[in-house]
Amino acid sequence: MHTTVGIIGAGPAGLLLARLLHNAGVDSVVLESRDRPYVEQRQRAGILEQGTADVLRAAGAGARLDREGLRHDGIELRFDRHRHRIDFPGLTGGRTVTVYAQTEVVKDLVELQLTEGGPLLFETEALAVEDATTDRPKVRFVQRGAQGGASGRESVLTCDYVVGCDGFWGVSRKAVPTRVSRVFERTYPFGWLGILADVPPSHDELVYARHERGFALLSMRSPVVSRLYLQVPADTDADAWSDEAVWDELERRFETAPDDDWVLHRGPVTAKSVTPMRSYVHEPMRHGRLFLAGDAAHIVPPTGAKGLNLAVGDVVTFARAFTHFQSTGDPALLDAYSETCLRRVWQAERFSYAMTTMLHRPPGATPFDDRIQLALLRRIATSRAAEQDLAECYTGFPFE
Ligand SMILES: Cc1cc2nc3c(=O)[nH]c(=O)nc-3n(C[C@H](O)[C@H](O)[C@H](O)COP(=O)(O)OP(=O)(O)OC[C@H]3O[C@@H](n4cnc5c(N)ncnc54)[C@H](O)[C@@H]3O)c2cc1C
């Protein structure tokens, strides 16, 4: 088997890249280790930056997003029983974000790929990327049998280029020799206990709450499905929390002033899980003809809602650079891929880290730490410049 661009992974990065290349007349093959229902139902991100929504529309994947996505013009910060709204369009010259679940982005892109695009092979696991520094890199892969076990038949996909879109636990990054890799990493001593609940959201915009008991986030997947999170210790077992205990704790952390009539709506919990928090960057994002994109190269804590958006930024950068190379023979943009992506990645890392440390209460936090967090939040609530910075970062960094 041979293709121009071999893509490992059918998450948002791999699927969107296949679509962008298809639209530019470039053939690709996507290898995905899991089956289609698993990939389409994996609960993850839900906030699309303005630029991400625009890219999906331009790629022909915006019809359902425009019908069902919820445009959000702001978020609320809640601290010390105080509520402060950040008005995105007013602070950024009109920029907004869209609430549209990653599951739906993936479903739309899978459907397009299967009806109009090139091969998308589910239950096909890449085992290794080889010969990345030659002009004929290879992906060794194995197809799964009906019972999920390996069918035993190993095959090779030869490519002109390989893009590793296989997430944090994939194989692509391992093809970069350690002597050229640099890894920058921070783990956090807490995670997010997330629930999905069949209940209309208790507020029409996301609420980020800083409380002495820990962080809480109110978000939504649709007008009738809420997604809520609680900061918990990193090693928490989600099943140790009853639904009632989760709602009680959310209510405490979303505390408002006594004269405020805001209420938290409760409803049936349909999913519960714990997400660890990590900041991670692998440099460079290119080795020979292997390019890394999305979570395969970097991870952010979800507080800034940047993970999915960064993945989109990477593949847009690759697709532009590759089509420029194909049409002009000029490799300058491809050669600059890693540097171009990393400028955006590090801005998102900085913002996600700043939001995380401002809103979460680490174990052993001192009264000094508490005062600094509150001072930061009050600064945002009283300074247009500080508020504007948050609004610009949240609605998204431009594609270069
Ligand atoms: C539990 C969880 C919750 C999250 N919540 C949020 C959130 O609330 N907000 C936010 O902005 N971001 C969130 N993120 C981050 C966001 O979902 C990711 O940044 C985004 O999915 C990145 O897309 P990707 O395509 O790079 O990687 P992924 O979505 O991880 O896709 C990688 C794909 O590669 C496949 N794969 C892996 N190994 C192989 C292999 N060897 N062969 C073939 N295929 C392979 C995987 O099955 C997967 O389909 C969350 C992430 C996780 C893990």
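By class, the shell around the ligand comprises 14 nonpolar, 11 polar and 7 charged residues, where Ala, Val, Leu, Ile, Met, Phe, Trp, Tyr, Cys and Pro count as nonpolar, Asp, Glu, Lys and Arg as charged, and the others, Gly among them, as polar. The model is predicted: local features need pLDDT of at least 70, side-chain atom pairs count only at pLDDT 80 or more, and totals for chains, interfaces and linings use all residues. Residues are numbered from 1 along each chain as its sequence is written. Of the 32 residues around the ligand, those that come nearest are Gly 9, Gly 11, Gly 167, Gly 294 and Gly 307; a residue is near a molecule or strand if its C-beta atom, placed from the backbone, lies within 6 Å of it. At least two residues of this shell are supplied by each of helix H1 (12-23), strand E9 (124-130) and helix H8 (307-328). Helices (H or I, at least four residues) and strands (E, at least two) are DSSP runs, numbered from the N terminus.

Helix H1 packs against two other helices. Two packed helices are described by the angle between their axes and the distance between the axes. Axes are lines fitted to C-alpha atoms, for helices over the stretch in contact, and angles run from 0 to 180 degrees between N-to-C directions. The axes of H1 and helix H6 (residues 102-116) come within 9 Å and cross at roughly 40 degrees; the two helices are therefore oblique to each other. Angles under 35 degrees count as roughly parallel, over 145 as roughly antiparallel, 65 to 115 as roughly perpendicular and the rest as oblique. H1 passes H6 in a left-handed crossing, a crossing being left-handed if the near helix is turned anticlockwise from the far one by less than a right angle, and right-handed if clockwise. From H1, Pro 12, Leu 15, Leu 16, Ala 18, Arg 19 and His 22 take part, meeting H6 residues that include Val 105, Val 106, Leu 109 and Leu 112; two residues are in contact if their C-beta atoms, placed from the backbone, lie within 7 Å. The residues of this contact divide into 9 nonpolar, 3 polar and 2 charged.

For H1 and H8, the axes come within 9 Å and cross at roughly 30 degrees, which makes H1 roughly parallel to H8. This crossing is right-handed. Pro 12, Ala 13, Leu 16, Leu 17, Leu 20 and Leu 21 of H1 meet residues of H8, among them Leu 308, Ala 311, Val 312 and Asp 314. The contact of H1 with H8 has 13 nonpolar, no polar and 1 charged residues.

H8 also packs with helix H10 (residues 337-359), at an angle of about 160 degrees and with the axes 10 Å apart; H8 is therefore roughly antiparallel to H10. The crossing of H8 past H10 is right-handed. Residues of H8 in the contact include Leu 310, Gly 313 and Asp 314, and those of H10 include Tyr 337, Thr 340 and Cys 341. By class, this contact has 7 nonpolar, 3 polar and 2 charged residues.

An open sheet of 8 strands has the order E6-E5-E13-E14-E15-E12-E16-E19, with mixed pairing; two strands pair if DSSP finds at least two bridges between them. Its edge strands, E6 (82-87) and E19 (298-299), each pair on one side only. Strand E5 (residues 74-79) runs antiparallel to E6, joined by 6 bridges, and Gly 74 has Asp 87 in E6 as its bridge partner. Helix H11 (residues 367-382) packs on the sheet and touches E5, E6 and strand E13 (206-210), its direction making about 140 degrees with that of E5. Further along, 13 bridges join strand E12 (residues 182-197) to strand E16 (residues 269-283) in an antiparallel arrangement, with Leu 193 opposite Val 274 in E16. E16 and E19 pair in the antiparallel sense over 2 bridges, and Tyr 280 stands opposite Ile 299 in E19.

Most residues other than glycine have a negative phi, and most peptide bonds are trans. Asp 80, in the loop between E5 and E6, has a positive phi near 50 degrees. A cis peptide bond, with omega about -5 degrees, joins Glu 283 and Pro 284; Pro 284 lies in the loop between E16 and strand E17 (286-287).
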